[in-house]
Amino acid sequence: MEDNQAVTALDILLNIFDNFQNDLFVVDATIVLSLNLQRNIPQKVIDAAIKIGTARLLTLVAGIYSRENKKAEAKKLMLKALLRNQDNEIGIFGNYLMLQISDSDSTERKIDGIENDTAVVLQGVDGEKLIYCIYEENILPDVPYIWQGATHIYRDQAITIGLLRKKTGDLVMIEGREYHISEIMPVDGYLIRLCLEKLVKANAVKTISIETRDGKLDVENFSRELMKYIPGDEKEFNWLDNYKDFSSFPLPFAILQKTVRVNTVQLIMTLVQSEDIIVRERYDEDLIRGQQFVLSFAAVIMLYMIGVKPEFLKERQVFVPESMRNTILTMCTDIINENDKEHVSSIGVREKRLYMNVVSESEKVQILGEAAALKNFVSQLNTWSNNREFCDVQDEERDWLDVFGISDYDALALAQGKKAVIVTGEVTIQSLIQEIKLNISGTGILNFLVALKMDVYVLLDCIEQMIKYRFEITMTEKCLRYIIDEYSKLENQELKEDFMCKWIDCLTLVESMGDEYKEVYAQNMMRVCQDIIREEYEVLNPVWRNYFSLCVKYKCGLETK
């Protein structure tokens with residue numbers, strides 16, 4: 001199945017599903033495409049997968065529950081999948097291991113003897129070894145169930161053969177033969193060990209041990225071994241140089257994300273928050289031909305970061321694709337899970353030296369707060385479902401889904417199909433709309449807020465945040481005209497004076513920033529002034545007069561330097 005027809009294929013599968021809900025291929029393909037396209041999955045599809053009950057389908061449903069942060073359900077289904085993995089599928093061993101690791105905590109389970117959810121190793125006098133795994137929940141396909149050299153049973157069977165409540169070192173009789181209990185452990189610990197052994201044997205994971213030299217740990221040799229498997233910075237694509245190079249278009253965020261070790265939410269938030277990166281947009285004539293708006297992935301993050309309220313967007317026919325909402329919520333949940341731990345760190349290689357990055361407690365609190373706030377923001381937005389492909393008649397072979405990722409692919413398809421205006425937030429989408437005839441309307445962040453007739457005081461707050469975050473486009477002709485018009489509506493002189501103070505404070509924020517950004521800021525001011533002057537706008541208006549005078553000041557100041 002071609003990637004550029006995946007949306008159409010899923011729509012077909014959902015339409016025929018009621019007639020084929022017992023068909024393994026139909027159920028499997030429906031879930032796989034839904035997960036890949038970040039779609040909500042109907043409960044009837046999940047129920048059908050659980051009913052068929054193959055190891056692969058149960059693994060897929062566990063993935064669904066994990067995405068929805070239903071940890072208990074995910075772990076139970078993943079356990080059922082593992083125990084039905086008769087074909088030794090390495091991916092299932094890996095999925096079980098990763099789910100256990102991601103949901104692990106520091107709580108130590110104290111085991112006094114054989115009980116529910118324990119594994120016990122028995123040693124016979126002749127060296128024979130037996131392993132029993134005892135479960136509390138009803139998850140076995142049969143009882144007793146022989147799998148991977150162990151006998152899997154429930155508590156009742158453990159009582160029958162005399163295992164329950166026995167302790168390490170005790171003797172037991174099994175089928176007339178005497179064994180002593182050599183080890184008791186949690187059953188998930190036993191299964192994790194089993195999965196690791198399978199993955200190491202398949203060369204899917206590497207084992208590294210610390211050797212000793214003269215009675216001391218050989219840390220240097222351990223570091224060398226680690227660096228064999230950790231990519232160094234010389235092998236990495238420099239996404240930062242690509243984004244900061246104003247002589248060319250940056251790659252889409254969906255492609256840039258593949259070159260870094262963070263998800264797209266973290267990438268965009270880091271980019272916006274960085275003090276040495278200018279957030280790029282194009283100063284182009286907008287193509288607004290509609291009353292409804294659909295947000296790009298970058299636009300959602302940026303609108304949240306500059307202080308736009310979700311209620312404001314929800315009330316004004318602003319939408320995000322269902323896939324975008326699901327993706328951002330999942331990414332935020334992953335960020336929270338990764339950082340809500342006692343110790344958060346990562347290892348990397350820079351200039352052929354091993355380094356460790358440790359996240360401080362204050363950094364964890366900030367990261368957790370931002371992720372939770374963004375989840376709340378996105379949860380309140382209107383959503384649209386998309387069941388059509390994005391169509392580019394000039395280049396039908398290009399895989400736009402791979403270029404932009406499913407979130408922005410859906411946003412483009414919705415803008416095209418519903419005649420909505422896409423709010424871009426990144427250069428590549430703006431360029432695509434401007435330079436290729438796609439029959440899509442698009443606009444940047446500022447003109448979008450103007451089109452929604454945002455309160456002018458709130459708009460100035462957003463512009464201030466854009467300046468603080470070093471946005472390239474902090475004013476447009478439409479935005480300046482809107483501010484001038486809103487100022488002209490003020491009848492009270494005191495209100496006009498207060499407004500003018502806020503306006504000047506906003507425009508002069510840049511004075512405390514570096515020369516690189518001042519130059520970009522001044523260039524944007526010049527473009528706006530040129531557009532205004534061409535239209536012979538009212539030059540006596542104080543909003544315009546202050547804007548123009550500060551533009552001249554900044555431009556001349558930079559040229560003097």
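Biologist: Is Asp276 buried, partly exposed or exposed?

Modeller: This is a predicted model, so to speak of local features we need pLDDT of at least 70, with side-chain atom pairs counted only at pLDDT 80 or more, while totals for chains, interfaces and linings use all residues. Residues are numbered from 1 along each chain as its sequence is written, and side-chain values use heavy atoms, leaving out hydrogens and water. Buried means under 20% relative accessible area, exposed over 50%, and partly exposed in between (1.4 Å probe, protein chains only). Asp276 has a relative accessible area of 44%, so it counts as partly exposed.

Biologist: Where is Asp276 found?

Modeller: Helices (H or I, at least four residues) and strands (E, at least two) are DSSP runs, numbered from the N terminus. Asp276 sits in the loop between helix H12 (264-273) and strand S9 (293-295).

Biologist: How many disulfides does a search of the whole structure find?

Modeller: A disulfide is a pair of cysteine sulfur atoms within 2.5 Å. Cys195 is buried at 0% relative accessible area, and Cys332 is buried at 0% too. Still, the count of disulfides in the whole structure is zero.

Biologist: Which residues does the cis peptide bond join?

Modeller: Look at the loop between strand S2 (129-135) and strand S3 (145-147), where Pro144 has its place. Omega is about -10° there, and the cis bond joins Val143 and Pro144.

Biologist: What is phi of Asn88 near?

Modeller: Asn88 lies in the loop between helix H5 (71-83) and helix H6 (90-102), and is partly exposed at 35%. Its phi is positive, in a residue other than glycine, and near 55°.
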